[in-house]
Amino acid sequence: MSRGDSNKGDKASGRQGGSFRKKSYARGNAPIKKNTAPKQVSDPNSIRLNKYVANSGVCSRRDADIYIAAGNVTVNGKPVTEMGYKVKLTDEVRFDGQLLNPVKREYVLLNKPKDFSTTIRDEKGKRHVSGLISSASKSKLLPVDKLDKEDTGLLLFTNDGDLTKRLKSPINGLRKIYHVILDKDLRSADLVKIQEGVVVDEKVVKVQEISFIDDAPKREVGIEIYSSRNKIVPRLFEQLGYKIVKMDRVVYGGLTKKDLPRGHWRYLTEQEIINLKMIR
């Protein structure tokens, strides 16, 4: 029998230019056995201790490992120095005696558009600013302060209650700059009055700076103020007989609208968070 006869009825091998190949179980060609072992499902109610500490805002996860190893962290009253230790969300975790909150603190800056409310939804169909940042976090983020529905500009959201409390009533005031359009031209004499201080509700309102906007009508002004009093800018102008047609907050505590279009949001940088936390 010739070699050609032996392969009769079969396709030629690959070496002969055909597609027929015999199965080979030589080393390297053995079939791969699939790992059928079931995957371990992580417990959604537990979290690594270093992540728990980092989420609380005390420090980074890397630094948390150092503090854990040094015995600074306790779980349910007992020091834990084991790396990779997992705790339950119901456990009591303390850092140097201070009770920690494992929810990651997040900070989002929105350039608010017109016709969005910052107050609690109490009207059907009312557009709320929370809808504009709904994709930013799974946590519930609340605005630090309020802007009227028709106002625009910077609005800060966070779940950091300590920072919110500090920014709402800072001892030294929080720097805010507004671009204001009035219903009529601002008289130079009234501009001077505002610079010197105007009494609103028996308290003098002092501004850091107020000036006309370059190449714009005299009814457009920029005003820098540190007061945390409610709606103090509109009330200040109303005291002198003016109404605000449009108000845009362009600076908030050192944060600006740079590269942030109207209706868009962004996360704060680590340095911006540090700067805000330094405000007292």
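## Basis and overall make-up

Because the model is predicted, local features need pLDDT of at least 70 and side-chain atom pairs count only at pLDDT 80 or more, while totals for chains, interfaces and linings use all residues. Residues are numbered from 1 along each chain as its sequence is written, and side-chain values use heavy atoms, with hydrogens and water left out.

The protein has seven helices and 17 strands; these are DSSP runs numbered from the N terminus, with helices being H or I of at least four residues and strands E of at least two. Of its 280 residues, 35% count as buried (under 20% relative accessible area; exposed is over 50% and partly exposed in between, with a 1.4 Å probe and protein chains only). Among contacts (heavy atoms within 4.5 Å) with a separation of 6 or more, 64% are between residues 24 or more positions apart.

## The largest pocket

Rolling a probe the size of a water molecule over the atoms shows where empty space is left. The search uses a 1 Å grid over the protein atoms alone: a cavity is a set of points where a 1.4 Å probe fits but cannot get out, a pocket is an open set with protein on both sides within 12 Å along at least five of seven lines, and lining residues have an atom within 4 Å of a point. The largest pocket has a volume of about 980 Å³, where a volume is the space filled by probe spheres set on grid points joined across faces, edges and corners.

The lining of this pocket consists of 42 residues, and T118, V144, D145, K146 and L147 lie nearest its centre. Two or more lining residues come from each of β8, α4 (161-168), β10 (176-182), α6 (232-238) and β15 (244-252). By class, the lining has 17 nonpolar, twelve polar and 13 charged residues (Ala, Val, Leu, Ile, Met, Phe, Trp, Tyr, Cys and Pro are nonpolar, Asp, Glu, Lys and Arg charged, and the others, Gly among them, polar). The largest pocket lies between domain 2 (107-169 + 258-278) and domain 3 (175-252), because both give residues to its lining; domain bounds come from an automatic or database domain assignment.

## T118 and H128

T118 is found in the loop between β7 and β8, and H128 lies in that loop too, between β7 (107-112) and β8 (142-143). T118 is buried, with a relative accessible area of 7%, and H128 is buried at 14%.

Leaving aside neighbours within four places in sequence, T118 is in contact with residues including H128, K146 and L147.

## The second largest pocket

About 640 Å³ of space lies in the second largest pocket. It is lined by 18 residues, with K104, R105, Y107, E270 and I273 closest to its centre. The largest share of the lining, four residues, comes from α7. This pocket lies between domain 1 (46-99) and domain 2, because both give residues to its lining.

## The cavity

One cavity of 30 Å³ or more is found in the whole structure. The residues lining the largest cavity include R48, D65 and Y85, and α2 and α3 (61-69) each supply at least two lining residues.
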